[in-house]
Amino acid sequence: MIPGSFDYVVASSISDAVSLLQQHGDEAKILAGGQSLIPLLRFRLASPSVLIDINRIDGMEYIQETDNVLHIGAMTREAELDNSDLIRERYPILLDTSSLIADPVVRNWATVGGNLAHADPGNNHPATMLALGASVVAVGPDGERVIPIDEFFTDNSFETTLHPNEILTEIRVPAPTDRSGGAYIQLERKVGDYAIAGVAAYVRLNDAGQVTYAGIGLTNVGPTPIKARNAEQFLLGKALDDASIHQVADMAAAASQPTSDTRGPAEYKRAMVRTLAVRALQKALGRATGGE
Ligand SMILES: Cc1cc2nc3c(=O)[nH]c(=O)nc-3n(C[C@H](O)[C@H](O)[C@H](O)COP(=O)(O)OP(=O)(O)OC[C@H]3O[C@@H](n4cnc5c(N)ncnc54)[C@H](O)[C@@H]3O)c2cc1C
């Protein structure tokens, strides 16, 4: 279908984008990579009267590690994560995540900020960022605020706590510690498709091998990205052995809220969460203890 008509404006800076959002209010939408927004316009599922293009704002595409924090500019393309040595060496869970998104053409355009701001439960980054305990930076008319990722997604599908006059500018991820590791695994019908189900797991261990931090996020098995809080809590202080991994995988499956659709019946998806959680935790443990 052909999208409805809209005005198109190009923001020259972050403050210009914020002023334009102020000026146009709910009628406006930010255009980043366009890989989710343009299909919505074409299906007339969204009909903003103004698109504010932020692609020409300088300085919003970067991947930097400083002061034990990884900073990812909101306009960083998935392809840049795919090709970053820093990501490959220090944050392999992010490479797991980006490399499973669609295909290289989509990944050349799609941005990490857009992937989160769209809040699609089927998108990969929300689960991973929930597991990592990331935060996002939002800039609005009153300046900058930092939002922990578990306060970013609301209970409604495709909704975040970003205000209509705010732009997401950066994603912050805690740097890995000595004994930490994570992995993202998904099941898909064919390469490049959205996940039938996906699980992100991230753990930090002490010298005795006990879990001091556990993050578990789920993709496409509920109306919103899901943080499996009970499962995370359960792991604290425990060793990641076969028994605890299987027990926590059951808890992750219990946290999922899948519905039956063309990707499969709800029970199948719940069973897949269990299996994927086992695999993601085993892989996270391997990475945390020096293996792949
Ligand atoms: C064929 C296909 C397959 C795909 N498969 C997958 C997949 O398997 N997994 C997956 O995770 N994703 C998938 N995607 C989605 C893709 O990753 C999207 O591009 C991404 O979700 C949105 O990023 P974008 O930069 O394209 O944002 P846009 O489409 O430009 O914007 C999406 C939404 O976010 C808002 N927004 C964007 N950036 C900002 C910002 N900085 N501040 C405030 N609001 C902002 C926009 O206003 C809009 O509402 C697929 C897309 C396609 C076309």
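**Stop 1: the ligand**

Select the ligand and the residues around it. The shell holds 29 residues, and the closest are Ala32, Gly33, Gln35, Ala110 and Gly114. A residue belongs here if its C-beta atom, placed from the backbone, lies within 6 Å of the molecule. The model is a predicted one: local features need pLDDT of at least 70, side-chain atom pairs count only at pLDDT 80 or more, and totals for chains, interfaces and linings use all residues. Residue numbers start from 1 along each chain, as its sequence is written.

Now colour the elements that give two or more residues to this shell: β2 (28–31), α2 (37–42), α6 (104–109), α7 (112–117) and β8 (167–174). Helices (DSSP H or I, at least four residues) and strands (E, at least two) are DSSP runs, numbered from the N terminus. The largest share, 4 residues, comes from α7.

Colour the shell by residue type next.

**Stop 2: the domains**

Zoom out and colour three ranges: domain 1 (7–53), domain 2 (63–174) and domain 3 (180–287). These bounds come from an automatic or database domain assignment. Which domains does the ligand lie between? Domain 1 and domain 2 both give residues to the shell, so the ligand lies between them.

**Stop 3: the whole chain**

Count 11 helices and 12 strands. The C-alpha atoms fill a box of roughly 55 × 45 × 30 Å along the principal axes. The radius of gyration is 19 Å, which agrees with the value near 19 Å for a compact globule of 292 residues. That radius is taken over C-alpha atoms, and the globule rule is 2.2 Å times the number of residues to the power 0.38.

Buried residues make up 47% of the 292. Buried means 20 or more other C-beta atoms within 10 Å of the residue's own; exposed means 12 or fewer; partly exposed is in between, with C-beta atoms placed from the backbone. Of the contacts between residues at least 6 apart in sequence, 66% join residues at least 24 apart. A contact means C-beta atoms, placed from the backbone, within 7 Å.

**Stop 4: the nonpolar core**

Select Ile54, Val199, Ala201, Ala252, Ala277 and Ala280. These have the most contacts inside the largest nonpolar core, which has 84 residues. Such a core is a set of buried Ala, Val, Leu, Ile, Met, Phe, Trp, Tyr and Cys residues joined through C-beta atoms within 7 Å. Helix α11 (residues 266–288) gives the largest share of this core, 10 residues.

Centre on Ala280. Leaving aside neighbours within four places in sequence, Ala280 is in contact with Ala183, Tyr184, Ile185, Val199, Ala200 and Ala201.

**Stop 5: Ala17**

Move to helix α1 (residues 14–24), where Ala17 is found. Is Ala17 buried or exposed? Ala17 counts as buried, because it has 25 C-beta neighbours inside 10 Å. Beyond residues up to four places away in sequence, Ala17 touches Ala11, Ile30, Ile52, Ile54, Ile57 and Ile167. Draw a C-alpha to C-alpha distance from Ala17 to Val139: 9.7 Å in space, 122 residues apart in sequence.

**Stop 6: helices α5 and α8**

Select α5 (residues 92–99). Its buried residues are Ile93, Leu94, Asp96, Thr97 and Ser98. They pack against α3 (78–82), α4 (85–90), α6, α8 (124–132), β9 (180–188) and β10 (195–205).

Next, select α8. This helix is mostly covered, with 9 of its 9 residues buried. Among them are Asn124, His125 and Pro126. Gly133 follows α8, with a positive phi near 70 degrees.

**Stop 7: loops**

Go to the loop between α5 and α6 and pick Ala102. Its phi is positive, about 45 degrees, although Ala102 is not a glycine. With 16 C-beta neighbours inside 10 Å, Ala102 counts as partly exposed.

Finish at Asn220, in the loop between β11 (211–219) and β12 (226–227). Asn220 has a positive phi near 60 degrees. With 26 C-beta neighbours inside 10 Å, Asn220 counts as buried.

Technical notes: Contact = placed C-beta atoms within 7 Å.
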